Amino acid sequence: MRAAAFSAQRAGLRVVAADLFADEDLRRCCPATRVQDYPAGLAGWLAQQDVDAWMYTGAIENHPELVDRMAGMKPLWGNPGRVLRRCRDPLHLQAVCAEFAVEFPATTREPPPAAAGAGWLAKTYRGSSGSGVAWLVDTASRQAALASRAVYQRLVAGTPAAAAYVVGADGAELLSVTRQLVGLADFGASRWAYCGSLVEPSLAPRLAEPLRRIGRLLHEGLRLRGLVGVDLVVEEAAPGGPRVWLIEVNPRCTASMEVGEGPISFVGRHARVFGCQQVGHDARATPAAAKGVVFAKQPVGVSRAFHDWAMRESVAGRLADIPAAGADIPAGAPVVTVLVRGAVGDARGRLTAAVAAVESRLY
């Protein structure tokens, strides 16, 4: 939510926001409400707002009935429930990928035989950022997958990546391609958790043809509109060149879009798709070369000293998603987001150092 709100402000839009956390830096930039009954409580919040339109972030695409209900209150800059159901149904997505010659891992509702080994994942498709994903490695993980009514997807080995598109009436425009960081223990992340992104300028040129086909799929096959994030795995050593697997479609502004976004706001581009012409840009904006999410490695309380330091760092553009002083953060939950700006070449090393600096103050 915070990244989308900041992007909207850079486009000259006036913003009000609501989410599960209402972090301190979000509150500083715009009126922000913490919704306790999340996500159902968003409808009551929206009903009380005087706004021209609204858009969703997070995992709200997994709640198409809620989206349609809220779209009946205020104009929606986004995709309605019928479209969300299509793109979030992995079996439908598998069929559409085949139609557009886009690689998609074998996916089924039937559990694979135990003899298949640890080559399969179970996915609930009810979360985001890697939540709801489990590796089928033993009897316990298989029983948990059955209990959660998961679907089963063959594991694809390769480099996690993400592509950002804006889809309008005339087609899909590729905005950025980034390398994804997933499950890094140094960041405190769990095995499948998204924990950051890196600008990688070489990715888009090397993957031009499969990215073009994915754009056509989003526009013609799924009939999406606005910002769309696509999770990918790049199989670098495939015969004949890199092989690109589409893993998931996220029909909204995603966490990875914050990396590589320059003066032209991505949310501003999204707004134009839905008819908003009063969109500007911020020539002073410095794009992030990398971002990392710091997760709590143990239960931790946010001290006043840490909070005040983090807020100063957020003003400088180096930290974001700042929790309130006195907040108790359970192990495994996100604490703050680290942003690295400037040169791309050494961004990964600077990101690791910045995460370590946060942890040295946090604990």
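## Strand β9 and its partners

In strand β9, serine 197 is the bridge partner of glutamine 180. Helices and strands here are DSSP runs (H or I of at least four residues for helices, E of at least two for strands), numbered from the N terminus. This is a predicted model, in which local features need pLDDT of at least 70, side-chain atom pairs count only at pLDDT 80 or more, and totals for chains, interfaces and linings use all residues. Residues are numbered from 1 along each chain as its sequence is written, and side-chain values use heavy atoms, with hydrogens and water left out.

Strands β8 (residues 171-182) and β9 run antiparallel and are joined by five bridges; two strands pair if DSSP finds at least two bridges between them. β9 also pairs with β12 in the antiparallel sense, over three bridges. Glycine 196 stands opposite glycine 292 in β12.

## Burial around β9

Five of the six residues of β9 are buried, that is, under 20% relative accessible area with a 1.4 Å probe and protein chains only. Serine 256, in the loop between β11 (243-250) and α10 (266-273), is also buried, at 9%. Serine 256 touches Ala162, Thr178, Gln180, Tyr194 and Ser197, leaving aside residues up to four places away in sequence; contact means heavy atoms within 4.5 Å.

## The largest nonpolar core

A nonpolar core is a set of buried Ala, Val, Leu, Ile, Met, Phe, Trp, Tyr and Cys residues joined through side-chain atoms within 4.5 Å. The largest one has 32 residues, and Phe306 and Leu319 are among those that touch the most other members. Elements giving two or more residues to this core include β9 (194-199) and β12 (288-295).

Technical notes. Buried < 20%, exposed > 50% of the residue type's maximum accessible area, 1.4 Å probe, protein only.
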